[in-house]
Amino acid sequence: MKIISYNVNGIRSASTKNFFGWLQSTDADMICLQEVKALPSQIPEIIALIEQLGYHHYWFPAEKKGYSGVAILSKIKPNHVEYGCGEEWIDKEGRILRADFDSFSLMSLYMPSGSSGDERQVKKYEFMRFFDTYIAGLRLSYPNLIISGDYNICHTAIDIHNPKSNANSSGFLPEEREWMELFLGNGFIDTFRHFNKDPNHYTWWSFRANSRAKNLGWRIDYHLATQPMLQRLKHVKILPDAIHSDHCPVLLELNPQ
């Protein structure tokens with residue numbers, strides 16, 4: 001089973017760059033999208049393409065048009081879809097969507113960025129505190145959980161191209177890195193690092209200074225899986241050659257149950 005997580009930085013923009021031709025070539029079973037920046041009613045042609053490719057599709061857009069929003073596409077129809085998390089300000093921003101299947105649950109996550117200033121950094125910390133409690137409760141009912149998405153945090157120094165100069169940058173702040181360490185320590189697996197301990201693997205690059213061509217990036221997109229999913233992990237690969245966004249997709253393959 002193939003699961004892709006991809007911050008597309010606008011589904012309409014990505015669709016003009018052969019996103020759907022690429023998606024068809026991946027033969028992915030499930031796709032978690034972030035920053036879709038669209039309501040389903042705004043994109044009937046895109047919805048038609050998704051359905052032609054054989055996907056059920058579920059959307060949780062932000063109230064603010066052209067902002068945030070997550071989606072899940074799946075060739076397997078889920079047993080249940082949970083829209084949001086019940087926290088009003090988070091749900092207004094369209095940041096959490098979960099689909100429950102027979103043997104596991106899959107969440108598409110778009111964590112807030114704090115890069116625009118102190119006010120949003122405070123909201124990011126608020127989200128992180130809420131998410132800890134929310135996921136701890138969720139795991140009691142859904143122990144086999146994969147949380148795929150844009151966490152807007154680099155965990156360690158090998159996850160960012162210049163850790164020294166970025167030491168005070170949102171996304172690599174000590175408090176954020178500590179949160180990620182504790183979150184993983186509470187029973188989650190960073191599936192990419194489970195298979196690959198090497199540096200220079202990134203999932204986001206600034207549009208400035210030709211950063212992508214120089215591979216001056218950040219690894220901020222993850223598939224995190226709960227420990228009971230360990231034996232099902234087969235392979236994880238970052239796909240930097242897929243260029244539809246300032247992010248690139250991350251592919252997780254699962255063994256059969």
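Helices (H or I, at least four residues) and strands (E, at least two) are DSSP runs, numbered from the N terminus. The model is predicted: local features need pLDDT of at least 70, side-chain atom pairs count only at pLDDT 80 or more, and totals for chains, interfaces and linings use all residues. Residues are numbered from 1 along each chain as its sequence is written, and side-chain values use heavy atoms, without hydrogens and water.

Select residues 118–141. This is helix 5, with 24 residues and a reach of 35 Å from first C-alpha to last, close to the expected 34 Å (1.5 Å times one less than the number of residues). Among its buried residues are Arg120, Phe127, Phe131 and Leu138; buried means under 20% relative accessible area with a 1.4 Å probe, protein chains only. Show helix 4 (88–92) and strand 7 (105–110) next, which are among the elements covering those buried residues.

Now select Tyr110, Asp150 and His247, where an unreviewed UniProt entry places the feature "active site"; such annotations may be inferred rather than shown by experiment. They span 138 residues in sequence, but no two of their C-alpha atoms are more than 12.7 Å apart, so they gather at one spot. The lining of the largest pocket takes in Tyr110, Asp150 and His247.

Stay on Tyr110, in strand 7. At 9% relative accessibility, Tyr110 counts as buried. Leaving aside residues up to four places away in sequence, Tyr110 touches Asn7, Gln34, Glu35, Ser68, Val70, Arg95, Asp150 and Asn152 (contact means heavy atoms within 4.5 Å).

Notes
Buried means under 20% relative accessible area, exposed over 50%, partly exposed in between (1.4 Å probe, protein chains only). On a 1 Å grid over the protein atoms alone, a cavity is a set of points where a 1.4 Å probe fits but cannot get out, and a pocket is an open set with protein on both sides within 12 Å along at least five of seven lines; lining residues have an atom within 4 Å of a point.
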